[in-house]
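Please look over the structure shown below before reading on. The briefing that follows takes up selected strands and a helix in turn.

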Amino acid sequence: MEIAFVIKDEWHLPVHKHTHYELQYIMRGRGQHVINDQTYNYTKGDLFILPPQDSHFFIFQEKTVICVVKFHERLFDLFLQDTDFRHLLNRFSSPQRKIILSGNNRQQVIGLMDMLIAERRKKTNYQDIIIKNILSLVIILMANYMDENITNSHDSRIQEILTYIDQHITERELLATENIAANFNISKTYFNQYFNKATGSSYKKYVQEYALKLIAHQLVHRQKTLSQLAYEFGYSDESHLSNSFKAYFHQSPSAFKKLNQR
């Protein structure tokens with residue numbers, strides 16, 4: 001197991017993969033974390049867990065401090081003799097990489113991560129075993145919360161809607177409220193309320209932000225021009241896309257591309 005800290009104004013690595021697990025605890029900062037081509041916003045107190053072979057990189061919007069805990073399954077050889085614990089690590093093979101905690105769960109896990117960091121700074125005979133047990137408890141609490149979210153999640157129709165948005169993100173006409181509502185047999189007047197309740201975001205905002213995240217990724221990794229992306233994603237012109245991009249990412253497309261191609 002290795003515990004490291006990233007303290008930087010700008011993310012310093014290209015898209016990359018690891019052969020180990022990584023638990024990433026955001027101690028300070030704000031921005032986006034792109035994992036397997038999916039973008040997650042992050043802020044202080046957020047946690048991510050990446051299984052081996054995930055690809056990822058960060059987009060810092062301000063100075064960020066990350067505690068990174070790197071480990072292999074063999075760290076938990078003793079725990080893995082317990083069937084229930086062995087299944088815990090499998091929970092993190094789901095597509096969701098950001099562990100969305102709230103209320104007491106969030107405070108418990110943040111408290112444990114702060115304790116882990118404090119122990120890391122000490123030099124005691126029992127340091128390794130204390131840190132290993134804290135880490136195992138963090139993993140258990142995160143996996144348990146993920147299970148609770150699945151149990152309490154909204155009906156499967158919202159998942160179908162999100163998949164539909166992903167498949168047709170460049171087809172503005174198909175994503176018009178009246179068309180998507182009709183496609184899923186939901187009243188047009190009720191659709192926005194339904195979507196907001198199920199996702200915590202307005203439909204228009206969700207589609208706009210999802211499109212901008214995809215545009216940002218393609219701008220950096222697909223070598224497409226802003227003009228091409230504006231046409232592909234249905235913006236009236238390059239200027240309109242540039243303004244929307246800057247409003248969301250707080251920097252121009254050219255600055256964003258230059259920063260993230262380093």
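Which residue in E8 is the bridge partner of Ala4? In E8 that partner is Val68. The model is predicted, so local features need pLDDT of at least 70 and side-chain atom pairs count only at pLDDT 80 or more, while totals for chains, interfaces and linings use all residues. Residues are numbered from 1 along each chain as its sequence is written, and side-chain values use heavy atoms, with hydrogens and water left out.

- Strand E8 (residues 64-71) is largely enclosed by the rest of the structure, because 7 of its 8 residues are buried (under 20% relative accessible area, with a 1.4 Å probe and protein chains only); strands here are DSSP runs of E with at least two residues, numbered from the N terminus.
- Strand E1 (residues 2-8) is joined to E8 by 7 bridges, and the two run antiparallel.
- Strand E3 (residues 21-28) is likewise antiparallel to E8 and joined to it by 7 bridges, with Cys67 of E8 as the bridge partner of Tyr25.

**Helix H8**
- Helix H8 (residues 203-221), a DSSP run of H or I with at least four residues, has buried residues including Tyr203, Val207 and Leu214.
- Just after H8, Gln223 takes a positive phi of about 60 degrees.

Methods:
Buried < 20%, exposed > 50% of the residue type's maximum accessible area, 1.4 Å probe, protein only. Pairing = 2+ DSSP bridges.
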